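Student: I have a new structure to read. Could you take me through the terms used for it?

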Amino acid sequence: MNFKHKFVFLMPGLLVLLGILIFPIIFTVRLSFSGWDSFNPGLDFIGIENYIRLFTDDKRFWESFLRLGFLSITTVFLQYIIGFGLALLVWKEIKFKRFFRVLFLIPMMTTPVIMTVIWRTFFHESLGPVNDFFSLFGMAPPWLSHEVLALVTVMIVEVWQWTPFMFLLMLAGLLSLPKEPFLAAAIDGASSIRKFIYVTFPLMAPISIGAIIIRLIEASKIMDTIFVLTSGGPGTSTETSSFYIFIKGLREFQIGYSATLSFTYLIIMIISLTFIAKFLTKIFMKGDAE
Amino acid sequence: MKTLYTTLKYSAVTLWSMFVIAPFLWAISTSFKDFNSVTSGVSYIPWLQFEPSFEGWKVLTKPASEGGINIVEPYFNSIFVTLISSLISIILGTLAAYALSRFTFKAGFVKNSDITFFFISQRIMPPIVLSIPFFLMLGYLSLLDTLMGLVMVYIVLLMPIAVWIMVDFFNKVPREIDETALIDGCNPYQAFYKVVLPNSIPGLIVAGMFCIIFGWIDFFFAFILTFTEVQLLPVAIVALNSSITPWWSLSAAALVSVAPLIVVAFIVERYLSKGNLSGAIK
């Protein structure tokens, strides 16, 4: 194919994206070497001072990073299990199949912040229905003001919001599976459990890896939900990396330092996602390799 | 054994359905309350447990000068920004995806897969990383607090999705289609426009759907990059979430705002059941 044409197709998109992003990216890197804060606004150059501070004297960032890791891995794992399970349930004959399919998709179509505002009233300690239920047992769990419970609440909301995404990808995957392996298994008289282990699951492996990686990427950006639900609190117990960077950058106006955090965070994310992708390929594809 | 399985299946599905519906039911019930019925304890059923009030709904259409919360304008702003940025992202993203799927690019160590990764990797960046530079950049271009500025930012957010879905999709459209078209005397643009594109409708629908969802649900950029002139729906609603929250109008506004995309759920299901989507989502 002619040399010229391929660039006509590629370049508009690439140039627009680069055009919009080139300044923010270069500027963030440059900013990360400056001491821009509210006392001292301006692009000075302070070398790697910010990075030294980050690696030696900022436990809070690394804690928020670990918390983010815990939060995103657990919620994505739950979403995968539940989403896959639901997809299997409404895959074949079930009454009101289409109704359930639509219903299971709906949370994904709602705006997280807006639903979180509703969830906040839902989990309200004295006026919400959750504690109305728990009061039957004489309990009143402080959902949003207890360190562990606040984290649990965030996880519940995340699972509610994003299980549909997994559900959609897994159901679309199930519906596109070839029929032959299932026929073969039926002829061999395989039980449904064996059919799942030896036929369905291996066939779904590539889709599973894709879906988990996408969800991990999206989950690691969690911010809206925490912003509305707990504002990182109580204390710093639900603070994730994004939220911490937000506090440093736009609440405390340590713009230079927050750029350092952002840049470091991006590098770690890209490296760890690459590793996770390799790791998942290894577990899910085990059957194929042998 | 069989009946046990069926019972389990239906209980699982019902249980999850209840979890999905619960916040909506709560929001519907709350939207008909007023200050007294919210603060006097938890209640669910209007007329039976509390006297319904339509204040929460009425307030949505009143202008702010009469004590109302005008969400009509934010509503149209949101629709405008979402649609325009999705459209641009899909056009540019589809073209780029076609190039990445059909031609080979090589520049030093950069190959096709690296360019694709560059596109998709934009999704890894948390909004907060970009928000400060974007703030300064839009300020410099005097696009802060304008719809155009937001559209620009949203293109960065949405184009990666379009590229990701369309590259996968084009990889599955047989190359023979375009080759035949070329032999028949089409130039590459005609081959793309007349032959490949009509065969890619399911992919385009999925890409469009995801762009619209992720555009519509964004909060953070709209929160940072707009102030008073232009307000998007999520920002307008979260702004209600102050210390003295009017739960009733908040619930009503939330319900109104999630309504349009629920239509998308029906469209998705339709295509799923017809089997058209399954090829498009990998």
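Student: How many residues of chain B are in contact with chain A, and what makes that a contact?
Tutor: This is a predicted model. In it, 71 residues of chain B are in contact with 70 residues of chain A. They count as in contact because C-beta atoms, placed from the backbone, lie within 7 Å.

Student: Which helix of chain B gives the most to the side that touches chain A?
Tutor: Helix H13, residues 247-274, gives the most, with 15 residues.

Student: How do the residues on that side of chain B divide?
Tutor: There are 55 nonpolar, twelve polar and four charged residues.

Student: What makes a set of residues a nonpolar core?
Tutor: Its members are buried residues such as Ala and Met, joined through C-beta atoms within 7 Å. The largest such core here has 144 residues. A:Met170, B:Ala96 and B:Ala162 touch the most other members. Helix H7 of chain B, residues 147-172, gives the most to this core, with 19 residues.

Student: Which residues does B:Ala162 contact, leaving aside neighbours within four places in sequence?
Tutor: B:Ser89, B:Ile90, B:Gly93, B:Thr94, B:Ala207 and B:Cys211.

Student: How much of chain A counts as buried?
Tutor: Of its 290 residues, 40% count as buried. For each of those, 20 or more other C-beta atoms lie within 10 Å of its own.

Student: What is the secondary structure of chain A?
Tutor: Chain A has 13 helices and zero strands.

Methods:
Residues numbered from 1 in each chain as written. Chains lettered and ligands numbered in written order. Predicted model: local features only at pLDDT ≥ 70, side-chain atom pairs only at ≥ 80, totals over all residues. Contact = placed C-beta atoms within 7 Å. Helix = DSSP H or I, 4+ residues; strand = E, 2+ residues; numbered from the N terminus. Nonpolar A, V, L, I, M, F, W, Y, C, P; charged D, E, K, R; others polar. Buried ≥ 20, exposed ≤ 12 C-beta atoms within 10 Å, placed from the backbone.
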